[in-house]
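Hello,

Here is the structure I said I would pass on. My notes follow it.

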Amino acid sequence: MKKDEYRSKVIFGNKVGKFTQVFAVKYKKFFIKKFGDDSYVKYKVRLDKDYLLYDLFDCRNIVPIENGEKADTIEDEKAIIIGNIRMGYGHYRIAMSMASAAKALGYNPYWFDLSNFKESTCTKILNYQNKMYSLASRISQKSMLFNKLFWDPISMNYYKKIEGHAIDQKTTEAFVPIFKYLPKETPYIGTHAFCSQGAVHAGLKTVINAIPDNWPISIHYSEGSTHTVQTASSYLGYKSLRGMNKRQKLKPMPADSIYYVGHYVDHEIVHNVEKDCKNRLDRVRNGGEKRYLLSIGGAGAQGKLNAQIIGKLLEYVNKKSAAVFINVGDHRNVMEYMLKKVPNLKDNYTVIDNDMDAVFRLFQMPNERKSGVYFFINDDIFSAVYTTNYLMRFVDCMLTKPSELAFYPVPKILIQRVGGHEMYGAIRASELGDGTYECPSKKEIFAMIEHFHTDNSLLENMCYHICNNKKAGMYDGSYNAVKIAIKKMEERKEKLAKRRENQ
């Protein structure tokens, strides 16, 4: 039995049913028939420096060559490749935190976005699945029945079954061609299971699979890689394959294949936690405005709810006691929708449109008084995601669904989730004290906003816990994932060296 065939039949020593094995093969064939077979194509790459992450972290972007361009090679002993895809904004956000941490630790990050290879079967499959994910996310916010009967059960229960991982393992065999040009000895961190599975299939030797969220589901596995998770409860759930097959007792993951590392957070945010919390408290205690950040997700969902929240915050803006920052990312239509739906908003807003220099200038003086409503638009995906990462350092409260942002060290009001799995991000934040519990209704959200705005003790309490959490290493997940990648690579080199000595 070939190794890749084995991976779709046996997961961590647990046999997968015949029906799933047959379906996994058919599902892969469906994609090959739909998008073509590029297994014999040799994708060559160049290292692009003309984009935001190079300016921020010296992070080179690995992109396919075009029109006879000269191919580059990665010959860098300090290199770390960060594999990622757009599936919402969360996986990009994790990848950015890894690039930031790698740079801070003295390594050279290389950005490997599977979506860059537009002619490949891999990218076409990913685009297809991202469209389905985004569509379901948007529908779930418009139809409670769809959410209750379809999206929540799928995202919490169907994705949990071990069979889901077996099916994905087969599909991601089709991703191998775009990995062939990567150096196999260079450590690689995948921030989506598809990225990690493709790397393992392609024979990369040190693969870290950075698992998001806080709810163990099998589709986040990448057998053959080393897994990292953000919470202790997530560690136990993944290691024991909790609830992933109710018909049989499952063998656990091997001890050295999974590590609890902490939350994945950018170096710039972690490094400045105490200073940023002090600025927050000094400002509001001295009568300054409270600052609120809304970040629209990569799927562009929750438009109606966010419009209602902005309408509520506008009450405080009009009293000069609040400033609101709204990052709509690359969803320009969301801003247009809000301008139509929120009464009186048209008379009191500023747009920063595709201008990251203006974003960075906005808080050159962190405690300078701000007022009004600011919209941020960026057609470039890197700028769209990083704008939120930058702004959260200078605001007092972020209002967001309990997605990957729930794990960041900024005071948070957590609104209605998109998909049942996000529920556990809110539970984590509320227990750590750096965010609220999930507020699933407009009534609860408005009540929490009023509480936060009129009572400084809530902000003081969250800042206290954020600083204590930092001291405990709670936000060190990205540093630790990079360190594990380097350690695994060095251990492998030592073993090879000893084998050569004994031959």
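Rings and cysteines

K370 lies over the face of F363, 5.5 Å from the ring centre; a charge counts as over a ring if NZ of Lys or CZ of Arg is within 6 Å of the ring centre and within 35 degrees of the ring normal.

This is a predicted model, in which local features need pLDDT of at least 70 and side-chain atom pairs count only at pLDDT 80 or more, while totals for chains, interfaces and linings use all residues. Residues are numbered from 1 along each chain as its sequence is written, and side-chain values use heavy atoms, with hydrogens and water left out.

F363 also belongs to a cluster linked by ring pairs, together with F325, F360, Y374, F376, Y390 and F394. Rings of Phe, Tyr and Trp (its six-membered ring) pair if their centres lie within 6.5 Å; planes under 30 degrees apart are stacked, over 60 edge-to-face, the rest tilted. That rule gives 29 aromatic pairs. One of them is Y51 with F382, edge-to-face at 4.9 Å centre to centre and 75° between the planes. Both Y51 and F382 are buried (under 20% relative accessible area; exposed is over 50%, partly exposed in between; 1.4 Å probe, protein chains only).

As for cysteines, the whole structure holds zero disulfides, a disulfide being a pair of cysteine sulfur atoms within 2.5 Å. For C439, the nearest cysteine sulfur belongs to C397, 9.9 Å away. C439 counts as buried because its relative accessibility is 0%. For C467, the nearest is that of C277, at 4.1 Å. C467 is buried too, at 17% relative accessible area.

Regards
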